[in-house]
Amino acid sequence: MSDNISSNLWTVIGKPDEFNSDLGVCIKIDDEQIAVFKLSGEKEWYATQNLCPHDKRMVLSRGLTGDLNGEPKITCPLHKRSFSLNTGECLTDKETACLKTYPIKEEDGKLLIQFS
Ligand code: FES
């Protein structure tokens, strides 16, 4: 889905309508898998590493989105740890490492991610 057209630090990854609300999409930039999310009813987009830090599996784009005490989150489909989509912090297990998050925005009918 990524056409890898870069302008400044932002990379176009597609059109917003190519991504479904509440379903994560995995994209690949260079050798990095990135999970892209949009929660239904929200304007915000979120992007995190696709690798779950708990057991080092590339699964987060298949996780369950929602919120935990008002914090938008992704829950890993394997062992159900939940991570903040804003900060990457694991909300359900303080021993689990944080996710890397990426700035993402919608602009001029395109979805862009800041990847560096
Ligand atoms: S691999 Fe994600 S919680 Fe275990």
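Which strands form an open sheet with the order β8-β9-β10, and how do they pair? Three strands make up this open sheet, and the pairing is antiparallel. The model is a predicted one, in which local features need pLDDT of at least 70 and side-chain atom pairs count only at pLDDT 80 or more, while totals for chains, interfaces and linings use all residues. Residues are numbered from 1 along each chain as its sequence is written, and side-chain values use heavy atoms, with hydrogens and water left out.

Two conventions apply to what follows. Helices (H or I, at least four residues) and strands (E, at least two) are DSSP runs, numbered from the N terminus. Two strands pair if DSSP finds at least two bridges between them.

Next, select β8 (residues 64–68) together with β9 (residues 71–75).

Three bridges join β9 to β10, and the two run antiparallel. Ile-74 stands opposite Phe-83 in β10, and Thr-75 has Ser-82 as its bridge partner in that strand. The hairpin of β9 and β10 has six residues between the strands, and in it Lys-80 takes a positive phi near 65°. Colouring by accessibility shows β9 mostly covered, with four of its five residues buried (buried means under 20% relative accessible area, exposed over 50%, partly exposed in between, with a 1.4 Å probe and protein chains only).

Centre the view on Thr-65, which is found in strand β8. Thr-65 is buried because its relative accessible area is 13%. Which residues does Thr-65 touch, not counting those up to four places away in sequence? They are Asp-22, Phe-37, Leu-39, Lys-73 and Ile-74, where contact means heavy atoms within 4.5 Å. A polar atom of the Thr-65 side chain lies 3.4 Å from the backbone oxygen of Asp-22.

Move to Ser-82, placed in strand β10. Ser-82 has 6% relative accessibility and therefore counts as buried. Leaving aside neighbours within four places in sequence, Ser-82 is in contact with several residues, including Lys-73, Ile-74, Thr-75, Glu-89 and Cys-90. For a distance label, draw a line from Ser-82 to Leu-51: their C-alpha atoms are separated by 13 Å, at 31 residues apart along the chain.

Cys-26 stands opposite Ala-35 in β4.

**Fourth stop: aromatic rings**

A pair of aromatic rings is described by the distance of the centres and the angle of the planes. Rings of Phe, Tyr and Trp (its six-membered ring) pair if their centres lie within 6.5 Å; planes under 30 degrees apart count as stacked, over 60 as edge-to-face and the rest as tilted. The count comes to two aromatic pairs.

Show the side chains of Phe-19 and Trp-45. Their ring centres are 5.9 Å apart and their planes stand at 80°, so the pair is edge-to-face. The pair links distant parts of the chain, 26 residues apart: Phe-19 lies in the loop between β2 (10–14) and β3, and Trp-45 in strand β5. Both Phe-19 and Trp-45 are buried.

Finally, display two lysines. Lys-38 lies over the face of Trp-45, at 5.7 Å from the ring centre, and the charged end of Lys-105 sits over the ring of Trp-10, 4.3 Å from its centre. A charge sits over a ring if NZ of Lys or CZ of Arg is within 6 Å of the ring centre and within 35 degrees of the ring normal.

Methods
A polar contact is a pair of N or O atoms within 3.5 Å; within protein, one must be able to donate a hydrogen and the other to accept it, and residues adjacent in sequence count only if both atoms are side-chain atoms.
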